[in-house]
Structure formats: C-alpha cells, structure tokens
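Trainee: I would like to learn how to read a model feature by feature. Please take me through one.

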Amino acid sequence: MPAILDGYKLQPNEELTLESQNAKDFVKIMMLQEELEREKERLYQALSEQEKKEAFNVLRTQFNIPDFITVREASEILEITPQMVRRYCADGKLRGHQTLQGSGKWRLDTEQFIGKPNWDKFIEKRARIKKQSVNIAENMLDYLDDWN
C-alpha cells in the first residue's frame with residue numbers, strides 16, 4: 001500500500017495544507033477510492049454476461065455469498081422497498097421465484113445484483129458473517145479441546 005500512496009500525488013495546494021503524513025495518506029486513499037469506484041463501474045459496464053458470471057463465482061466463494069437472497073436483502077442492495085422488490089419479481093424484472101405460491105416470500109438469484117448500488121455493503125456484510133462464523137467455530141473447537 002505505501003508504494004501505491006507514494007505514486008499518487010496531491011495537488012500542490014492540497015500538499016501544503018496537510019501537515020502530517022497520516023493526513024496526506026488519508027486524503028490520498030480517499031481520492032484513490034473515488035477513482036477506484038469510477039473504474040469499477042466502467043469495468044462492470046464493459047463485462048459480458050459470461051464475465052459477470054465468472055466474477056460472481058469468485059466473489060461467491062471469497063465472501064460466502066448464497067445463491068439466493070431474501071426480498072429484504074434485495075431491497076437493501078437496490079435501495080427500494082421490499083414491496084417494490086416483490087412487484088419487480090412478479091413482473092419479471094428481477095429473477096426469482098416464490099417459495100410458496102401467493103405467500104409473498106421470494107428467493108432471488110443473487111448473481112443479478114452484482115454491481116448494483118449497495119452490492120459492496122452486501123459483500124461486507126457477508127464477509128462479517130463469515131468471519132463471525134469462523135470465530136464461533138474456532139472458539140467451539142478450543143472449548144472442546146479444553147473439555148477433553
């Protein structure tokens with residue numbers, strides 16, 4: 001990371017207003033993050049459907065992403081109400097199927113949400129869940145080792 005930060009130059013007026021190296025590095029990271037977001041969006045738009053599937057499969061393994069998500073998760077990713085998600089499913093605008101006909105419960109194909117507004121937040125949430133699960137499993141194993 002330091003090499004990346006060293007390669008990124010602030011404007012002279014920005015450089016002068018920041019006294020500490022920590023502040024300079026923080027500003028550089030924030031600016032790089034914006035550039036990365038723009039580049040991520042550009043690349044996503046350029047992906048073919050097959051490339052999107054390939055990327056999703058790698059992300060699914062890395063971040064413990066399920067094949068299907070709930071209406072609530074989809075509404076958080078899309079920043080719309082759960083009712084709109086259900087309507088989009090019924091209208092065929094989103095890929096999903098009802099778990100019980102007429103129940104309002106839907107399972108939506110997760111893959112279709114890659115690149116949507118809050119996809120990154122969903123990934124972070126799944127990574128936290130995975131980390132918590134691993135920690136619980138490790139604690140249980142330690143407990144069982146101590147017990148024996």
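Mentor: Start with one residue. K24 sits in helix α3, residues 21-46. Helices are DSSP runs of H or I with at least four residues, strands are runs of E with at least two, and both are numbered from the N terminus. This is a predicted model, so local features need pLDDT of at least 70, side-chain atom pairs count only at pLDDT 80 or more, and totals for chains, interfaces and linings use all residues. Residues are numbered from 1 along each chain as its sequence is written, and side-chain values use heavy atoms, with hydrogens and water left out.

Trainee: Is K24 buried or exposed?

Mentor: Apply the cut-offs: buried means under 20% relative accessible area, exposed means over 50%, and partly exposed is in between, with a 1.4 Å probe and protein chains only. K24 has a relative accessible area of 15%, so this lysine is buried.

Trainee: Which residues does K24 touch, not counting residues up to four places away in sequence?

Mentor: A contact means heavy atoms within 4.5 Å. On that basis K24 touches L10, E15, L18 and E19.

Trainee: Now charge pairs. How many salt bridges does the rule give?

Mentor: First the idea: side chains of opposite charge can pair when their charged atoms come close. The rule asks for a side-chain nitrogen of Lys or Arg within 4 Å of a carboxyl oxygen of Asp or Glu. The count comes to 8 salt bridges.

Trainee: Which residues of helix α3 lie 3 residues apart, about one turn of the helix?

Mentor: Take K40 and E37, both in helix α3 and 3 residues apart, about one turn of the helix. Their side chains meet in a salt bridge at 3.5 Å, N to O. K40 is partly exposed at 37% relative accessible area, and E37 is partly exposed at 36%. R42 and E39 also lie in helix α3, 3 residues apart, about one turn of the helix. Their salt bridge is 2.5 Å, N to O. R42 is partly exposed at 46%, and E39 is partly exposed at 33%.

Trainee: Which residue forms a salt bridge with D109?

Mentor: R95 does, with the closest N and O atoms 3.4 Å apart. This pair links distant parts of the chain, 14 residues apart: D109 is in strand β3 (residues 106-109), and R95 is in the loop between α6 (82-91) and β2 (96-98). D109 is partly exposed at 22% relative accessible area. R95 is partly exposed at 42%.

Trainee: Which residues are linked in a network of salt bridges?

Mentor: E37, K40 and D120 are linked in such a network.

Trainee: Rings next. How many aromatic pairs are there?

Mentor: A pair of aromatic rings is described by the distance of the centres and the angle of the planes. Rings of Phe, Tyr and Trp (its six-membered ring) pair if their centres lie within 6.5 Å; planes under 30 degrees apart are stacked, over 60 edge-to-face, and the rest tilted. The count is 2 aromatic pairs. F56 and W119 form a tilted pair, 6.4 Å centre to centre with 45 degrees between the planes. This pair links distant parts of the chain, 63 residues apart: F56 in helix α4 (residues 49-63) and W119 in helix α7 (residues 119-147). F56 is buried at 2% relative accessibility, and W119 is buried at 5%.

Trainee: Why is the pair of W119 and F122 tilted?

Mentor: The planes are at 35 degrees, so the pair is tilted; the ring centres are 5.5 Å apart. Both residues lie in helix α7, 3 residues apart, about one turn of the helix. F122 counts as buried at 5% relative accessibility. Ring pairs link F56, W119 and F122 into a cluster.

Trainee: How much space lies in the largest pocket?

Mentor: On a 1 Å grid over the protein atoms alone, a pocket is an open set of points where a 1.4 Å probe fits, with protein on both sides within 12 Å along at least five of seven lines; lining residues have an atom within 4 Å of a point. Grid points are joined across faces, edges and corners, and the volume is the space filled by probe spheres set on the points. The largest pocket holds about 360 Å³. Of its 18 lining residues, K40, I114, G115, W119 and D120 are the closest to its centre.

Trainee: Which element supplies the largest share of the lining?

Mentor: α3 does, with 5 residues. α3, α4 and α7 each supply at least two.
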